[in-house]
Amino acid sequence: MPDTPYDAFIEDCLQERASLIGLIEAIESKALAPGMPLVIPDGMNGTVASTLAAFKQTVARLNALIDAYEATPEARQGQNDPPT
């Protein structure tokens, strides 16, 4: 259970990253699951490609945010304390 609002935010980021990675894998493999092909109409290939690129950029940003959070656990201590 998250201790602070920022911990909860990072937990949300982790869940969103997992969801995006699942979508990326589905788009790249063109399958929602084994035996469940994902059919992309020819006219949508450009849109799908740009959406895939945006998803990958978002995952990269989430990775950087999560990495920064995990690298500085001491910075989280007291982050909800009132200013002095």
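Student: How many helices and strands are there in the protein?
Tutor: The protein has three helices and two strands, where helices (H or I, at least four residues) and strands (E, at least two) are DSSP runs numbered from the N terminus. This is a predicted model, in which local features need pLDDT of at least 70, side-chain atom pairs count only at pLDDT 80 or more, and totals for chains, interfaces and linings use all residues. Residues are numbered from 1 along each chain as its sequence is written, and side-chain values use heavy atoms, with hydrogens and water left out.

Student: Which pattern does the protein follow along the sequence?
Tutor: Read in that direction, the pattern is α-β-β-α-α.

Student: What does helix 1 reach from its first C-alpha to its last?
Tutor: Helix 1, residues 5-29, has 25 residues and reaches 36 Å, close to the 36 Å expected at 1.5 Å a residue, the expected span being 1.5 Å times one less than the number of residues. Just after helix 1, K30 takes a positive phi of about 55°.

Student: And which residues in helix 1 are buried?
Tutor: They are D7, I10, C13, L20, I24, A26 and I27, with buried meaning under 20% relative accessible area (1.4 Å probe, protein chains only). For the protein, 18% of the 84 residues count as buried.

Student: Switching topic, how many aromatic pairs does a search of the whole structure find?
Tutor: The search finds two, counting rings of Phe, Tyr and Trp (its six-membered ring) as paired if their centres lie within 6.5 Å.

Student: Which residues do the ring pairs link into a cluster?
Tutor: The cluster consists of Y6, F9 and Y69, linked by ring pairs.

Notes: Phe/Tyr/Trp six-rings, centres within 6.5 Å; stacked < 30°, edge-to-face > 60°. Buried < 20%, exposed > 50% of the residue type's maximum accessible area, 1.4 Å probe, protein only.
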